[in-house]
Amino acid sequence: MDEHPSDIIVRVAIPEDAQYAEIICKEIEDSAKIRGTGIAKRSVEYIVAKICLGKSVVAIQRDGTWVGFSYMDSYENDSFVSNSSLIVAPAYRNTGIAKRIKQMIFDLSRKTYPHAKIFSITTGLAVMKMNSELGYVPVTFAMLPQENNFWDGCKGCVNYSILSSKNRKNCLCTALLYDPQAKNKKSLSNDENE
């Protein structure tokens, strides 16, 4: 890595970023194998669609080298939004890039779906910490979307058999949720106490 992390561009992906879809999918798969934990596989076509729809964030070096990625999906008539597949190229891990990507995909989710609950499921401590800093709280799986197309996305994860055997009530992942209505209620109650 020759560039300083502050020289890396983190932005909402544009259609031209579809060129990175294959490396993103490979890195997601490789990372899951190395960690020995669940990261659901996604197809190149799926990642391309997220990029072309403006529902993802990409990090690149100024020379165009891919650095990182994350995307969002909406469920239950846009009342829930997932922030998923936060991945950073190995050479750029522990540089703060993941945090910048996470912040931008969170902000994009809030802007695109201002009333939606934003959630993430993860086995990664670093992601849990970032989510906590953004105001997410741990929740049960019952508080996540219940539609099948959300849970079908877990089929590419090595832990899917555990999730299935538990009737989608729990798994090895931790569920985290940001509820903008809860934040507004908390703010109002704090204002009333002043």
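Visitor: In what sense do S1 and S2 pair, and over how many bridges?

Guide: Two strands are taken to pair if DSSP finds at least two bridges between them, and strands (E, at least two residues) and helices (H or I, at least four residues) are DSSP runs numbered from the N terminus. Here S1 and S2 pair in the antiparallel sense over four bridges, and Val10 has Ala59 in S2 as its bridge partner. This is a predicted model, in which local features need pLDDT of at least 70 and side-chain atom pairs count only at pLDDT 80 or more, while totals for chains, interfaces and linings use all residues. Residues are numbered from 1 along each chain as its sequence is written, and side-chain values use heavy atoms, with hydrogens and water left out.

Visitor: What do S2 and S3 form, and how many residues lie between them?

Guide: S2 and S3 form a hairpin with five residues between them, and Gly64 in the turn has a positive phi of about 95°. Their pairing is antiparallel, over five bridges, and Ile60 stands opposite Trp66 in S3.

Visitor: Which way do the side chains of S2 point?

Guide: In a regular strand the side chains alternate between the two faces of the sheet. In this case Ser56, Val58 and Ile60 point one way from S2, whereas Val57 and Ala59 point the other way, and all are buried; buried means under 20% relative accessible area, exposed means over 50%, and partly exposed lies in between (1.4 Å probe, protein chains only). Because five of the five residues of S2 are buried, this strand is largely enclosed by the rest of the structure.

Visitor: In what order do the strands of the open sheet lie?

Guide: The open sheet has seven strands in the order S1-S2-S3-S4-S5-S7-S6, with mixed pairing. Strand S1 (9-12) and strand S6 (137-139) stand at the edges with a single partner strand each, so one side of each is left without a neighbour in the sheet. Neighbouring strands of this sheet are turned by 25° against each other on average, direction ignored, where axes are lines fitted to C-alpha atoms, for helices over the stretch in contact, and angles run from 0 to 180 degrees between N-to-C directions. Strand S4 (residues 80-88) and strand S5 (residues 117-122) run parallel and are joined by three bridges, with Ile118 in S5 as the bridge partner of Val81.

Visitor: Which strands does helix H2 touch?

Guide: Contact means heavy atoms within 4.5 Å. Helix H2 (residues 44-52) packs on the sheet, touching strand S2 (56-60) and strand S3 (66-75), and its direction makes about 85° with that of S3. Lys50 is found in this helix and counts as buried, at 9% relative accessibility. Not counting residues up to four places away in sequence, Lys50 touches Lys55, Ser56, Tyr71, Met72 and Asp73.

Visitor: How many residues are in the largest nonpolar core?

Guide: In soluble globular proteins, nonpolar side chains tend to be buried together. A nonpolar core is a set of buried Ala, Val, Leu, Ile, Met, Phe, Trp, Tyr and Cys residues joined through side-chain atoms within 4.5 Å. The largest one has 36 residues, and those with the most contacts inside it are Ile24, Ile47, Trp66 and Phe69. The elements that give two or more residues to this core are helix H1 (21-35), H2, S2, S3, S4, helix H3 (97-112) and strand S7 (174-178). Phe69 touches, among others beyond four places in sequence, Ile24, Ile47 and Ile101. A second, separate core of 14 residues includes Leu144, Phe150, Trp151 and Leu163.

Visitor: How many disulfides does the structure hold?

Guide: A disulfide is a covalent bond between the sulfur atoms of two cysteines, and the criterion used is a pair of cysteine sulfur atoms within 2.5 Å. The structure holds zero disulfides. Cys171 is in none, and the nearest cysteine sulfur, that of Cys173, is 5.4 Å away. Cys173 is buried, with a relative accessible area of 16%.
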